[in-house]
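Hi there,

Here is the structure I promised to pass on. My notes follow below it, so please have a look whenever you have a moment.

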Amino acid sequence: MNICAFCGSSEDLDASYYHLASQCGEIIGKSGHNLIYGAGKIGLMGRLAQSTRDFGGKSIGIIPERLRIEGVASDMDNEQIITPDMKTRKDVMRNRSDAFLALPGGFGTMEELLEVITLKQLQYHNKAIVLLNGNGFFDEMLVFFERMYKENFANPSYRKLYQVESSPEKAIAAIENYRHEHIYDKYLKS
Ligand code: AMP
């Protein structure tokens with residue numbers, strides 16, 4: 001499978017996060033999957049891609065022209081696609097992928113994650129979305145989501161749009177075992 005990962009680009013994180021990304025890459029590579037990602041050599045992205053390759057998987061980096069900066073962009077990918085802008089880049093990442101995996105990250109990661117959740121809510125795709133909740137990183141966001149359900153900003157059935165897993169093993173297994181289930185449609189009522 002082509003697994004698209006969203007994850008932090010920071011180099012100033014607790015070591016446990018880099019370990020999590022490396023572990024995740026190991027499982028992706030050993031399981032015969034490929035990684036679709038932002039083509040950054042920095043942060044969790046860099047560790048995840050390196051580890052995927054080390055354990056036999058391919059990394060396919062999708063990067064906009066503007067971010068092709070020495071020391072930031074990966075020069076190790078098995079395949080690299082350069083896009084004119086961020087919007088096209090996300091389209092290519094989505095179209096090339098069979099599933100989405102979010103690791104801890106910052107605004108870039110959150111934006112990518114929320115976009116695929118939103119598009120699934122509108123039935124633009126029906127691929128797995130798994131949050132790898134290492135160190136309980138997403139806990140507060142999930143509490144916030146509960147407020148959206150409670151106050152009817154989101155339909156409670158949208159909890160099924162994504163899965164939350166505590167370890168890389170469970171996250172990749174959730175992707176492999178994912179079966180699409182029809183979820184309440186926000187506007188089409190199908
Ligand atoms: P952030 O979570 O803000 O560190 O942003 C990381 C996410 O945004 C990754 O999943 C990437 O897809 C994208 N991104 C941010 N910075 C870069 C970069 N320098 N090179 C490639 N992708 C990036």
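A salt bridge here is a side-chain nitrogen of Lys or Arg within 4 Å of a carboxyl oxygen of Asp or Glu. By this rule the count comes to 15 salt bridges. E112 lies in helix 4 (residues 107-121) and R89 in helix 3, so their pair ties together parts that are 23 residues apart in sequence. In that salt bridge between E112 and R89, the closest N and O atoms are 3.7 Å apart. (Helices are DSSP runs of H or I with at least four residues, and strands are runs of E with at least two, numbered from the N terminus.)

A word on the ground rules: this is a predicted model, where local features need pLDDT of at least 70 and side-chain atom pairs count only at pLDDT 80 or more, while totals for chains, interfaces and linings use all residues. Residues are numbered from 1 along each chain as its sequence is written, and side-chain values use heavy atoms, with hydrogens and water left out.

Now for the domains. The domain assignment, which is automatic or from a database, gives domain 1 (14-96) and domain 2 (107-175). Their C-alpha centres lie 21 Å apart. Counting heavy atoms within 4.5 Å as contact, 14 residues of domain 1 touch 13 residues of domain 2. The two domains bury about 1,100 Å² between them, 62% of it on carbon and sulfur atoms; buried area is the accessible area (1.4 Å probe) that two parts lose on being put together, summed over both. I27, K90 and R94 supply 46% of the area that domain 1 buries against domain 2, more than any other three residues.

Four salt bridges are counted between domain 1 and domain 2. On the side of domain 1 that touches domain 2, the elements giving two or more residues are helix 1 (15-30) and helix 3 (86-96). Helix 1 gives the most, with seven residues.

Finally, the ligand. There are 15 residues around the ligand (a heavy atom within 4 Å), and S9, R89, G106, T109 and E112 come nearest. A polar side-chain atom of T109 lies 2.6 Å from a ligand oxygen atom, and one of E112 lies 2.5 Å from an oxygen atom of the ligand. A backbone N or O atom of G38 lies 3.4 Å from a ligand nitrogen atom.

Happy browsing!

How values were computed: A polar contact is a pair of N or O atoms within 3.5 Å; within protein, one must be able to donate a hydrogen and the other to accept it, and residues adjacent in sequence count only if both atoms are side-chain atoms.
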